[in-house]
Amino acid sequence: MFNKITIAGRINVLIGAFLVSCIIFFLIFVNGQNTIKEKSLTTAKNQLDSCINVKLKLSTHALAIVLSKELEKNDSISNYHDFFMNKLQDIHFEEDNSGYFSVNQETFGIFHPIKDVNGKDRSNETDSEGSKHIVELYKKAANGGGFFTYSTYKPGIGDRAKISYAEMIPNTNFWLTTGVYLDNVTTTHNIVENQIDKIVNTQLYSLIIVFFLVLVIVFMLSWRSKRNLIKSIEIITNATDDLILGNLKKTSYNKEDELGRVVNSINTLTDRLETTSEFTKSIGNNEFDFDFEIASEHDTLGKALIATRDKLRIANENDIKRKKDDDQRNWVITGQAMLGDIIRNNQNNVTELVSTVLQNLINYTKCNQGGIFLYSNENGEESLNLEASYAYDRKKFLSKKIEIGEGLVGTCAIEKKTIYMTQIPQEYINITSGLGGATPNNLIIVPMLVEDNLLGIIELASFNKLEQYQIEFIEKVAENIASSIMSAQIAENTNKLLQQTMEQANELAAQEEEMRQNMEELQATQEESQRREKQLSEELYKILEERNSNTQE
C-alpha cells in the first residue's frame, strides 16, 4: 500500500509521522518533566519538613540537656518560673520571634514567654478544633519526645496551625516544648517550589528549542537530563535522610548547577550541625572555651547557645568558688576536731599539751616550724618562756626566754593582736626564734587569750602564704589552747594545794599521836597539867579545823 503513495505523499506521511512523533514525544516529555517537577517538589518539601523537625528536635534536646545540668547545679531553686524565665526568655530561633521555648510540669504551666501560665492547670486548654494540645504534648514528652500539630494563637496574626516538639528535661519532672507555625513552613515551601519551578522551566525551555532543531539531540539531552536530575535528587534525598538519622557526613557532588548549590547548602548545614553538636558537648563537659561563632546576624539558635554558654560559665565559676569555700570550711572543721581531741586528751599536762598541739598544728597547716611561748609572772617579773618548738619534722629542745615587749613575740604579747608578715628578715628565725634552718617567707604570731588575759604566744613560720581562713583557724586554735592551759593550770594549782594540805594533815596526825603518848605518860601529873593539856588539844583541833576549811576553799 505504501508503494502506491507518491514520493511527496511519502514525504508528507514521513513529515506527518515525524511531526506526530515529535508532538507525541514532546507531550510525553512534558508530562515526564511535570512528573519530575512534582516529585522534586514533594521530595524537597518532605526533606524541608524533616529538616524543620530535626531543628526542633535538636534544639529542644540540646537545651533540655543544658537545663538539666543547670538544675543539678542549683538544687536550692525556690522559684522555677523565674529560673526558666531567666534562661529561656530571650531564646527564639524564628525571625519573627515565634520560635520560643516554654516549660511545663505535667499539665501545669511553669514558664511561657507570651502567656501567664505559672502554676495554672492547662489540661483543659483546647485549640480552635477542640484538641487538648497540652495533654497531647505532655504524653509525647513522657514517651521519650514527639511532635504534635494543633491550632494556636500567633502573636499579631491570629490562630495558625503549629507543629511542636516536646521532650522531658532529664532527671526532672519538667518538660520543654517549642514549635513553628506552619504558615512559616508554607512560606519556605513556596520559596523552594519557586526555585525548583525556575530550574525545571529553564531546562524545559532550553530543551524545547534544541528539540525542534535536532530531534535526536533533543531526545538524548532530555533523556540524559532526566537521568541526571533524578540522580541529583536522589543525592539530595540521601543527604537529607542522613541528616534526619543524625549521620552528619558531607555529600559529594561535583556539578555547579542549582542542585549543586542545594547540595552545598546541605553540606554547610551539616558542618554547622556538627559544630553545634561539638559545642553542645563541650558545654555539657563544662568546657567553655570552644570557638563557636554565629553563622550570621540572623542565627538566633547560635546566639542562644552562646548566651547559654556564657550563663553556664558564670554558674560554673560560682560553683567552683562555692566548692572552694566548702573545702575550706571542711578543712577548718576537720582541723578543729582533730586538735580538739588532742587538747581534751592532754589537758592535765601543759607541757605535753602544747608540744603535741604544736606538732599537729604545724603539720596540718603545712608550716615548716614554730614554737609556743607560755606567759610567766614570777615575783612580779613578766616574761614569755619557750615551752615547745618544732621545726622541719623534728621536735626542738630549746630554751628561750623573751621579755614582754621584746621583738615581735613580745610586741604581740603587749598588743594582744595577731601579727602576720610575708617578708621575714633573713636572720629573724635563727636569732629571734632560734629554730634554725632555711628562712621561710611567711610568719604568723598569735596571742593565746582567755577574756583578754594573756596565757602565751603561738609563732609559726611557713614557705607558703597563709590564706585568711587558715589564719582564722590558727587564732581559734590559740583560743582553745589558752582555755585548756588555764584549766590545766587551775587543776595543777588545785593539786598542789591538795598535796600541801595532805602533808600538813599527816604532820598534824603525827603530832597528835606524839601528844597522845605524852598525855598517857603524864596522866599522873597534876590537875593543872591535865587542864592545860586539854586546853592545848582544843587549840590544836581548832587550828586543824581552820586549815581544813582553808584547804576546802
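Q: How many salt bridges does the count come to?
A: Side chains of opposite charge can pair when their charged atoms come close. The rule here asks for a side-chain nitrogen of Lys or Arg within 4 Å of a carboxyl oxygen of Asp or Glu. This is a predicted model, where local features need pLDDT of at least 70 and side-chain atom pairs count only at pLDDT 80 or more, while totals for chains, interfaces and linings use all residues. By that rule, the number of salt bridges is ten.

Q: Which parts does the salt bridge between E70 and K87 tie together?
A: The two side chains meet at 3.1 Å, N to O. Residues are numbered from 1 along each chain as its sequence is written, and side-chain values use heavy atoms, with hydrogens and water left out. Helices (H or I, at least four residues) and strands (E, at least two) are DSSP runs, numbered from the N terminus. E70 sits in residues 7-73 and K87 in residues 80-88, 17 residues apart in sequence, so the pair ties together helix α1 and helix α2.

Q: Are E70 and K87 buried or exposed?
A: Buried means under 20% relative accessible area, exposed means over 50%, and partly exposed is in between (1.4 Å probe, protein chains only). By that scale, E70 and K87 are both buried.

Q: Where do K321 and D325 lie?
A: Their side chains meet in a salt bridge too, at 3.4 Å, N to O. K321 is exposed, with a relative accessible area of 53%, and D325 is partly exposed at 31%. They're four residues apart, about one turn of the helix, and both lie in helix α7.

Q: What separates D326 and R329 in helix α7?
A: These two form a salt bridge at 2.3 Å, N to O. D326 is partly exposed at 29% relative accessible area, and R329 is partly exposed at 45%. Being three residues apart, D326 and R329 are separated by about one helical turn.

Q: Which side chain makes a polar contact with the side chain of S164?
A: S164 is in strand β4 (residues 158-168), and at 1% relative accessibility S164 counts as buried. Contact means heavy atoms within 4.5 Å, and beyond four places in sequence S164 is in contact with residues including L137, F148 and T177. A polar contact is a pair of N or O atoms within 3.5 Å; within protein, one must be able to donate a hydrogen and the other to accept it, and residues adjacent in sequence count only if both atoms are side-chain atoms. At 2.9 Å, the partner of S164 is Y150.

Q: What percentage of the protein's residues count as buried?
A: The protein has twelve helices and twelve strands. Of its 553 residues, the buried part is 38%.
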